[in-house]
Amino acid sequence: MYKSYGKLQVLRGVSVELVKGKVISIIGPNGAGKTTMSKCILGMVLPDSGDIRINGESVLKKHAYRSQIGYMPQIGRYPENMKIRQVIEMIRDIRKEATVDDELIGLYRLEEMYDKKMGALSGGTKQKVSAALAFLFDPQVLILDEPTAGLDPFAAEILKSKILKEKKKGKLILITSHIMSELEEVADEVLCLVDGAIMFYETIADLKAQTQETRLSRAVAKMMNGGAAL
Amino acid sequence: MNKIIKYVLYDIVRSKIVVAYTLFLLLLSIGLFNLGGSPDKGLLSLLNLVLLTVPLISIVFATTHFYNSYEFMELLVSQPIRRSRIFLSEYWGVSLSLSAAFLLGVGVPVLLFAPGATGLYLVLTGLFVTFIFVALAFLASVITRDKAKGIGIALLLWFYFALIYDGIVLLILYSFGDYPLEYATLALTALNPVDLGRVMVLLNLDVSAMMGYTGALYKSIFGSAWGVGIAFLVLLLWVLVPLLTSRRVFQKRDI
């Protein structure tokens with residue numbers, strides 16, 4: 001998969017196969033192409049060349065496949081004058097899906113704030129709405145872009161346990177994050193992007209074994225330094 | 001498609017700008033019909049004002065609406081919805097609400113004060129101009145992400161079609177006055193939807209003499225049903241070309 005914004009090459013030859021039932025964390029320095037990669041999978045950003053397949057079928061220029069994906073953006077942007085209730089009801093109205101998983105709405109007590117306007121919400125509350133929307137339709141694939149950034153520790157805990165719960169159902173969950181300790185709790189594998197290319201893609205256990213470190217953050221730092229030295 | 005249009009309309013109605021626009025048109029029409037003696041005079045003044053204000057308000061409102069709905073579209077793009085559906089729903093939402101405002105603000109007074117073929121042409125022209133300028137506004141909006149730039153382009157388009165274009169046509173006619181220019185002027189008219197609409201209504205008003213240079217030729221062409229049909233076809237093209245172009249751009253752009 002290749003993608004460039006103008007002259008800026010964001011993704012250069014990212015090729016990876018992800019298996020369901022795993023939590024995969026995408027890490028890498030700022031501007032490495034993590035968000036771009038997730039947006040490509042969602043069809044929000046169209047790759048210059050390359051292909052994206054879900055269950056063996058190319059998803060480029062398609063739209064129906066997105067019913068299988070729950071997306072939580074890094075910065076959720078919502079129509080400012082809509083209330084939380086309206087946003088959630090609108091999405092449900094448009095999707096018309098029978099199965100609804102409103103566990104997060106309950107846990108985050110969003111119903112108490114249903115009549116607040118999106119524009120008046122704090123960043124953290126917006127993130128809660130994003131999270132609730134991402135999990136709402138019980139999707140097979142979840143893409144969470146820095147999900148805990150801006151969430152209070154308590155809300156982040158709820159999200160983490162939700163992620164682990166969904167993983168047990170055999171879903172594929174992609175998380176981009178910078179917080180290694182958090183990833184260590186939920187993720188199985190680490191995909192490291194640097195300058196738009198994959199630097200390594202290993203399970204956490206393998207990483208630790210290779211670098212002989214007990215903490216993921218140190219292991220990753222070692223791997224990245226090693227790569228830079230090469 | 002209908003569901004998304006519903007939410008677009010809901011958003012527009014709440015902003016109250018469309019309501020103000022309706023009232024403005026209503027005041028304008030009733031005022032002009034009461035001011036001039038004959039309904040024909042009223043129609044003529046109304047035509048000139050409608051062709052100046054409707055494109056301006058349509059293009060500015062549609063452009064700002066497009067940029068203000070960016071979050072809404074962003075939210076929908078990650079859902080299993082075709083992008084063109086999102087885009088066209090926005091288009092229909094904006095153009096239908098502006099058309100409704102126009103029908104209420106101009107259509108109803110025309111029906112009351114000056115019913116007839118000319119009034120019908122005026123209303124049809126106004127509706128087409130609304131659809132055309134909303135399409136042009138969307139084209140301006142997809143060209144750039146910068147809201148200020150987008151509105152700038154939209155205003156430039158309005159300036160061009162409402163003011164500059166006529167100046168260019170006059171300049172051409174004046175400089176090449178020694179050559180037979182009938183068909184050239186006809187082509188030039190077709191290249192500006194505002195002028196095309198104006199000519200169609202004027203010919204029905206039987207004041208084509210006021211148009212100077214090209215009146216006679218227009219009369220012979222737009223006087224027939226065939227000519228009017230072609231003119232409406234050209235107006236339809238003026239809707240479709242910018243609309244489909246901007247839809248194409250929107251489908252290929254990164255959100």
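Trainee: How many residues does the contact take from chain A and from chain B?
Mentor: In this predicted model, the contact takes 18 residues from chain A and 18 residues from chain B.

Trainee: And which helix gives the largest share of the side of chain A that touches chain B?
Mentor: That is helix H2 of chain A, residues 84–95, which supplies five residues to the side that touches chain B. By class, that side of chain A has eleven nonpolar residues, together with three polar and four charged ones.

Trainee: Staying with chain B for a moment, which residues of helix H4 of chain B are buried?
Mentor: Helix H4 of chain B spans residues 70–77, and its buried residues are Phe72(B), Leu75(B), Leu76(B) and Val77(B). What covers these buried residues includes helix H1 (2–15) and helix H5 (83–113), both of chain B.

Trainee: Back to chain A, then. How many helices and strands does chain A have?
Mentor: Chain A has eight helices and ten strands. The radius of gyration of chain A is 18 Å, close to the 17 Å that the globule rule gives for 230 residues, so chain A is as compact as a globular protein of that length. Along the principal axes, the C-alpha atoms of chain A fill a box of roughly 55 × 40 × 30 Å, and buried residues make up 40% of the 230 residues in the chain.

Trainee: What is the strand order in the open sheet of six strands?
Mentor: The order is E6-E7-E8-E3-E9-E10 in chain A, and the pairing is mixed. Strand E6 (69–72) and strand E10 (197–203) of chain A have a single partner strand each, so they stand at the edges with one side left without a neighbour in the sheet. Neighbouring strands of this sheet are turned against each other by 15° on average, if direction is ignored.

Trainee: Do E9 and E10 of chain A run parallel or antiparallel, and how many bridges join them?
Mentor: Strand E9 of chain A, residues 189–194, is joined to E10(A) by six bridges, and the two run antiparallel. Within that pair, Glu189(A) stands opposite Thr203(A) in E10(A).

Trainee: Which strands does helix H1 of chain A lie across?
Mentor: Helix H1 of chain A, residues 34–42, lies across strands E3 (23–27), E6, E7 (141–145), E8 (172–176) and E9 of chain A, and it runs at about 150° to E7(A). Helix H4 of chain A, residues 123–135, also packs on the sheet, where it touches E6 and E7 of chain A, and its direction makes about 175° with that of E6(A).

Trainee: I was looking at Ile41(A) in helix H1 of chain A. Why is it buried?
Mentor: Ile41(A) counts as buried because 21 other C-beta atoms lie within 10 Å, where the cut-off is 20 or more. Not counting residues up to four places away in sequence, Ile41(A) touches Ile52(A) and Ile143(A). The C-alpha atoms of Ile41(A) and Asn30(A), by contrast, are separated by 19 Å, with the two residues eleven apart along the chain.

Trainee: One last topic: how is chain A divided into domains?
Mentor: Chain A is divided into domain 1 (2–186) and domain 2 (199–230), whose C-alpha centres lie 26 Å apart. Six residues of domain 1 of chain A are in contact with five residues of domain 2 of chain A.

Trainee: Which helix gives the largest share of that side of domain 1?
Mentor: Helix H6 of chain A, residues 180–186, gives four residues to the side of domain 1 that touches domain 2. The residues of that side divide into four nonpolar, one polar and one charged.

Methods
Residues numbered from 1 in each chain as written. Chains lettered and ligands numbered in written order. Predicted model: local features only at pLDDT ≥ 70, side-chain atom pairs only at ≥ 80, totals over all residues. Pairing = 2+ DSSP bridges. Axes fitted to C-alpha atoms, helices over the stretch in contact; angles between N-to-C directions. Contact = placed C-beta atoms within 7 Å. Domains from an automatic or database assignment. Nonpolar A, V, L, I, M, F, W, Y, C, P; charged D, E, K, R; others polar. Rg over C-alpha atoms; globule rule 2.2 N^0.38 Å. Buried ≥ 20, exposed ≤ 12 C-beta atoms within 10 Å, placed from the backbone.
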